[in-house]
Amino acid sequence: MSCNPSIGGVGKGHLVREVDVFEGVQPWAADRAAIHYRLLNRSKGAAVHGPRLQADRRLFAAAVRERLAGSGVTFIAGEVSRLQIEGGHIVAVTLADHQRIACRGVVVATGTFLGGKLFRGMETQEGGRIEERAASELGEQFADLALLSGRLKTGTPPRLDGRTIDWARLEPQPSDRHAWTMSIQSDGSSRPPQLACAITRTNPATHDVIARHADRSPLYAGDIGGRGPRYCPSIEDKVRRFSDRDGHQLFLEPEGLDTHLVYPNGISTSLPLDAQEEMMATIAGLEACRIVKPGYAVEYAYSDPRALSPTLEHREIGGLFLAGQINGTTGYEEASALGLVAGLNAAALACDLAPITFDRRESYIGVLVDDLTLQGVTEPYRMMTARAERRLHLRADNAVARLGSTAMNSGISSRQADRIRSHLDAKAEASRRTDESIILESASSARPLRYWLTRSDTREKALEALGSGAASREVGQDVYYAPYIERQERDWASVHRDLEVAIPSQFDFANVPGLSAEMIERLSVARPETLDRASRVQGITPTALTSLHFALRHAR
């Protein structure tokens, strides 16, 4: 694990659950290492629930090693310095020690290491992350092959000594009391002890420190040319972009059971160390904290994902698959989803099997791949539920039902296939029970269970009658969401019927209800003449298009 020791979240948790259906290691290892579980958006509908957990770094690494031991995977330690290409196809890779490894396909997953450069204050150095070298030689070959599209930026906060934090002054955030797992491969029996996180905030004094040291920030000085993640900006970015706010929330997240390191989520920075120390001393509970590892920014090269097919194979270099941040994404969850797609299809290529692709109507993985390969990126891409047209259907709890049959044809183990079949059988039985007529305590007549499931006043009792298992809960959500999904499908069909509707030249996108600041910015710059052209503006989400369509229809 690198940077933030958490896995999941809204949108991101959906991706992890989908990777799990294909027997991915990440969700299983996350459960083995989880020291804090939190289901985000619990008060909202199941479609936007975000399973997220904190993982102990040491336990996560141990779980991955345990899973791979005896798996048949061969590990070769070394730096890949060049790809060997003959006739437009990968034939081998060459290591820095000149060892040659023949292959039919190769997955390049360079993270932030391809041409990586680190920034802290006015100090710069080559590297993929602190104390680790960049993949410079491979980066040079990618540049020679015209495979690089530009540079992006990300950052990390300082790591704090938890023994120097005044936890008693902070708002605790305990782990969820209701037990759940990220993976269907987990039975919950090996759950580690749970730790509480804590919440604090920056304040005007913090922001004053940042403003006073602005001339020492590589971000403000223009030393960093790459664009950073819009939805996970550095604290310098936050203070500048949201100058009207007097504070920003920080989550203090322990990095493990046997370490005192704490990750202050929400305050990534590239200010010099003395400025970071001064900044931290202004925050409640952190006045006396000691910085163990200062924060920094990293800028790295990426490749235009529009050059890739839906299998993530390069369209002009056969056998070359790209996965993770090299495709312009940010986050482990997006990286693992792309790694799954690239790995499945590199193996299929090597074994002369049919490729495996993902439909955006049935998976967030499909949305991710589709968005990248069709639209490309101008900033690090982060998965959000708003990016999916069928977001009410693509819930985190029904990944097995959506992707189980595809997974069983992808080479998963018989044990995983049995888990999938067992879940699907249980769901079919629960679905059959929704047609049974019952009388609830508050009712005077019998009605089918699915009727009671759709009423807000009887829903909880009906769910109890349906059963407490995961499959029963999932069916209950299916029934509840069915009419909303039908309406969403009608709305989306209406958008497609009206694609040629004109957008007035002076139309004010800022007045469209439901449009985020990002969508307003993109549409205002592009000034599309029709709804169809708006749909092709880079980065425009289905949610934004639906909101714009409704506003245009209302105006007419």
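A polar contact here is a pair of N or O atoms within 3.5 Å; within protein, one must be able to donate a hydrogen and the other to accept it, and residues adjacent in sequence count only if both atoms are side-chain atoms. This is a predicted model, where local features need pLDDT of at least 70, side-chain atom pairs count only at pLDDT 80 or more, and totals for chains, interfaces and linings use all residues. Residues are numbered from 1 along each chain as its sequence is written, and side-chain values use heavy atoms, with hydrogens and water left out.

**Arg527 and its surroundings**

- Arg527 sits in the loop between helix H16 (517–526) and helix H17 (531–535); helices (H or I, at least four residues) and strands (E, at least two) are DSSP runs, numbered from the N terminus.
- The Arg527 side chain gets to the backbone oxygen of Ser505 at 2.8 Å, and to that of Phe507 at 2.9 Å.
- Setting aside neighbours within four places in sequence, Arg527 has contacts (heavy atoms within 4.5 Å) that include Pro504, Gln506 and Phe509.
- Arg527 counts as partly exposed because its relative accessibility is 32%; buried means under 20% relative accessible area, exposed over 50%, and partly exposed in between (1.4 Å probe, protein chains only).

**Helix H9**

- With 19 residues (332–350) at 1.5 Å a residue, H9 should span 27 Å, and its end C-alpha atoms are 26 Å apart, which agrees; the expected span is 1.5 Å times one less than the number of residues.
- Among the buried residues of H9 are Glu333, Leu338, Val341 and Asn345.
- The buried residues of H9 pack against several elements, including strand S1 (6–8), helix H1 (12–21) and helix H10 (364–375).
- Just after H9, Asp352 has a positive phi of about 55 degrees.
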